[in-house]
Each structure stands twice: as C-alpha cells, then as structure tokens.
Amino acid sequence: MSELTATERLAVIREKGRPTVRDYIPALFTNFLECHGDRCFGDDPAIIGGVGMFGGRPVTIISQVKGRNLEENKRSNFAMPLPEGYRKSLRLAKQAEKFHRPIICFVDTPGAFAGVDAEKRGQGEAIARNLLEFMTLKTPIISIVLGEGGSGGALALAVCDELAMLENALYSVISPRGFASILWKDASRESEAAELMKITAEDLVKFGVCERIIDEPDGGAQNDPALTAENISNYLGEAITRLSLLSTDDLLNRRYQKFRKIGVFGEELA
Amino acid sequence: MAIEDLFKIVKDRSKADAKLKDQKQKKQNNGVEIPKGLLFKCPRCGTVVYRDEFERNRSVCASCNYHSRIRFRDRLEMTADKDTFVELDAGLTTLNPIDFPGYETKISELRDKCGINEAIVTGVCKIHRYKTVIGIMDSNFMMASMGSVVGEKITRAFEYATENKLPVVLFTASGGARMQEGIISLMQMAKTSGAIARHGEAGQLYVTVMTDPTTGGVTASFASLGDIIIAEPKVLIGFAGRRVIQDTIKQQLPDDFQSAEFMLENGFVDMIVERKYMRPTLSKIFRTHNYTRDEEYRGGAAK
C-alpha cells in the first residue's frame, strides 16, 4: 500500500478519470437491472440502485453516482442525493431483505444535497430513517467507500456489517473544506484540515470505523480500473461468503456492536 | 482571487459597518449604555422586553411566541415533577479523539460556564407522575453538538429504557455533529439510531420535542425518529444550514423557512406545542400508550 498523506489522497480521488460506480457495476455484476423511484415522490439520479448477480448469487446494489465529466455530473447532481434518493435506497434495501439478498452499497458523495426542496421533503428525516432501518435489516450489508464519503449523506449508505474503503478513499464528518470554513472561518486551510481530521482509510481502521482497505494500483484506481474492480470483487466474494454463514441474530448483534463501541470518552465513577 | 477571499473582504467590511453603527447608536442614546442582560431582544421579531419579565413568561416572546433557547436546569424544572430527577451517566467525560487544538480547554471552560459537563443531561424522572427516561440538550454548551459523550449518553439512555420498559422523551437542540471529534461524531448518529431501533422493537415509546435549534446530524438521526414528534413554536428545525442553502440558490429565503411551522406544513412534525402545555401534552401521550402513573403523588413541576 502506498504511503500518501490525506491531502495527496484527496488529489488522487479528484483526478479526472477515476472510475465511478458506472464503471464498477458492469465489471463486478452480471444481469444488472436498474430499478427507479422511491414510490412516493420521484426518482433521484444521484442514487443508482437495482439487482444483479455476483458470483452466481443475486445481490442488491445501491450507490451514489459521481459523474465522469461535467455533463454526467450535472445529470446526477454531483452525487448529492435528495430525500427521494435515500427513500429509493431504503425501498430497495427492504426488497433485498424480503428476498434474502445481500446488499452492496457504494459510497461516493460529498454529502446530501442542501437546498429548499431537500428541506421541504425532509432530508433529515430521510437520512435518519435509513440509519434506523439499515441497523435492523435481516440481510448482510457491505458498504464500500469508492472516493469521497461526506457526512450524513454518506452514512445513510454506510450502516453495514462491514465497511471497506478503497486505499485512497476518504470518509469524514464534513468535507475538509467545510471543516476549515466552519471551524477556522477560512476555507483555504483545506489541506491543513484534511491532515488534522484523520479521514484516510488507515485512520478509520484505527477508529474501528473501517474493517478493510482495498488496494488500488499505483497512482490510484484510474490507472487500472480493471485491476481495482478485481480487488473489489475478491473482497466482496470473501465478505459475502463470510457474512452469509452467520445466523440473523448474530448478524444483527454484530452490526449493533460495530457502531455501539465507537466513541472516545472517559468515565468517572461516582 | 478565491471566492473565499472575496467573502472575507465583504465580511470584514460588514463588521466595520456594524462597529460604526454601534458607535452611532451610542451617540443617539446620549452615551448611555444599556447594561447587558437587563433586556431581551427577540431574534425572530426584534421586540425588546425586560429580561425578568421574559423569563417569567417561560422565556417565550410575548409578541411573536418564539420559544427561545433555555438552559438545562430551567427545562428540567418546567418539565419534570419536583425532586423526581435522577441523573444517569453523569461521570462520562469528553476526550479529544483527533487531537483538535484547544478542544480540552474549550470543553473545560464550557463546563464551568454552563454548570453541566456536556451538551446533554440524561436521567429518569416523573412527568405528571409517569415515570420516564428524559434527555435535555443545552445549546449553550458548544451549540449542543453531538460528540462521543452526547452519543454515548443517548445510547445508554435508550438501553436503560429498553431494559426497564420505560418511554424516552428527548428535548433536542443541536448544531449537528461535533466536527472537533471528526468521524467519531458522525458514527454517533448511527449508534443512537441503533439504540432507538431496539427500544422501538421492544414496544416502547419515544417522544421527541424539537427545540431551538434542531439541525444537521441531529435532525438526520435521533431527533427525526420519535414515534411522536413535537416542536416548540417558531423554533429552527432543518438539516442543512440556511446560509449554505442561500449560497446555493443565490436568493433570499422566506423567514419561516425551516421553522417548526414549516416542518408541520411539510409533514415532519406531529404537532406544535407551547411550553406551558408541554407537561399535560406529554402526560396525555403517556396515557394513550398504556403507561401507568405512579400512585404516590409528588406535586407539580418546580417551575
């Protein structure tokens, strides 16, 4: 694995040509069928979801959609989902539970969209509902951070049994730029924030947030998308097999404990 | 020039303008300075009243009914039956998971200033003789942002309530996740939601009371997950910051955007309840969910 700083990794994941979920789906799955809509309000192009086959078994796939160019990004709103996107993902997750399919989530978003319509349709509620429901879904859930995992908008697809991150991926409570701008009132201190915030895959393994780091080729996934897909595929094959062996009770208890134990605090006994 | 630099210039200018205005104001008042703390100016409608009068009115603006931010102690006294509160997990202390510069100092200053050791106090109390787990967030403490201690206290409160078959009432107020604790603070959203799911699966009731301001990661987790969601009048409730949205759409937002009334209209809160009716409302909710009163009468609220 390469030894890069958070700022250097930030540059890698922003590089043009970095593969997105649209590249990974055909490389990882067969028979993919995209399913649209939240059955309440509309269809959010910032989230793609559907069913497909992985290694001979059906799975449900849910992901935020980064564009590979400006045109694509405009169409998928720069991977910033609206409430109906989160509600679509929940609908598909519930469907996966019904048919006992493992769920594979790809996280790749700067965050949930901030806008008037998003507020009107309950962005907060939509994310909250996902957190609650994913916590108790009776089927294995694996989340993989592909590039950027930003705040609650990322977490809504990352309540899972195992979280994996591509080697250069970052996952944070807020973007480094937002962090600098809010805490120091100076967005230009972005890279200082990136270093301070501890947001690389290695940092997150230490915090118990991330279970697995998936190797990228030298210089980043864009240098060999096929090899990156193969690394993801190897991990997925192994993780699905492992998680499928657990009883539902064990699976849910492990998921609860995965998050339950995260927190850094002292305790003075009275 | 980066856009941020431009913002900074504009900001500095407006700061200078404000200073100038302040000096002018002083002149107009014939140099008389109104002592700070004597008056309360409503941030919603601008009405100025004597602070003690305002506080006698439960810190509610008599003119526009804005239910202002109140301290933990005041909230507890106007909500719980007198002398029934027993605090849970008082010994949890804040650490510094990402070594954020100055974090420990800031926390210890706030502990001294606010008289509480973190942004939420949890415990068990009675309301109209119904026994319940209660959590009260205090926005004076770092805008009641959620870090490890807040997340852990809420999680433990729900676990305690599940074990003891009790309802939970949370008075929410928060700027969101506490960025100074990095990713750990984000994880508290999932952790608390997990505990709420288990409490719910055990058939127990969870009531949220959204107070000023309920925003960010708190709106996007436990605050929005109540079986019944109450909001106080005129409070701010939302996910994204108003300024962030304004910068995106490049136009002014209406005054009532992200208010309790806006959330009611859009279907995200069940009811808006004034402070003076909060106890009877909670009591009705407990009654209709088959909780039983403790026989022994303990009198009314302290306030």
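Mentor: This is a predicted model, in which local features need pLDDT of at least 70, side-chain atom pairs count only at pLDDT 80 or more, and totals for chains, interfaces and linings use all residues. Residues are numbered from 1 along each chain as its sequence is written.

Trainee: At what angle do helix 8 and helix 9 of chain A pack?

Mentor: Helix 8 (residues 176-183) and helix 9 (residues 190-197) of chain A pack at about 105°, their axes 8 Å apart. Angles of 65 to 115 degrees count as roughly perpendicular, and helix 8 and helix 9 of chain A are therefore described in that way.

Trainee: What makes the contact of helix 8 with helix 9 of chain A?

Mentor: Helix 8 of chain A contributes A:P176, A:R177, A:F179 and A:A180, and helix 9 of chain A contributes A:E190, A:E192, A:A193, A:A194 and A:M197. Contact requires C-beta atoms, placed from the backbone, to lie within 7 Å.

Trainee: How do you know that strand 5 and strand 6 of chain B pair?

Mentor: Pairing requires that DSSP find at least two bridges between the strands. Strand 5 (residues 120-127) and strand 6 (residues 130-137) of chain B have eight, in the antiparallel sense. One bridge joins B:K126 to B:K131.

Trainee: Why are strand 3 and strand 10 of chain B said to stand at the edges?

Mentor: The open sheet of chain B has the order 3-5-6-7-8-9-10, with mixed pairing. Strand 3 (86-88) and strand 10 (271-272) of chain B each have a single partner strand, so one side of each is left without a neighbour in the sheet.

Note on methods:
Chains lettered and ligands numbered in written order. Axes fitted to C-alpha atoms, helices over the stretch in contact; angles between N-to-C directions. Helix = DSSP H or I, 4+ residues; strand = E, 2+ residues; numbered from the N terminus. Parallel < 35°, antiparallel > 145°, perpendicular 65-115°, else oblique. Contact = placed C-beta atoms within 7 Å.
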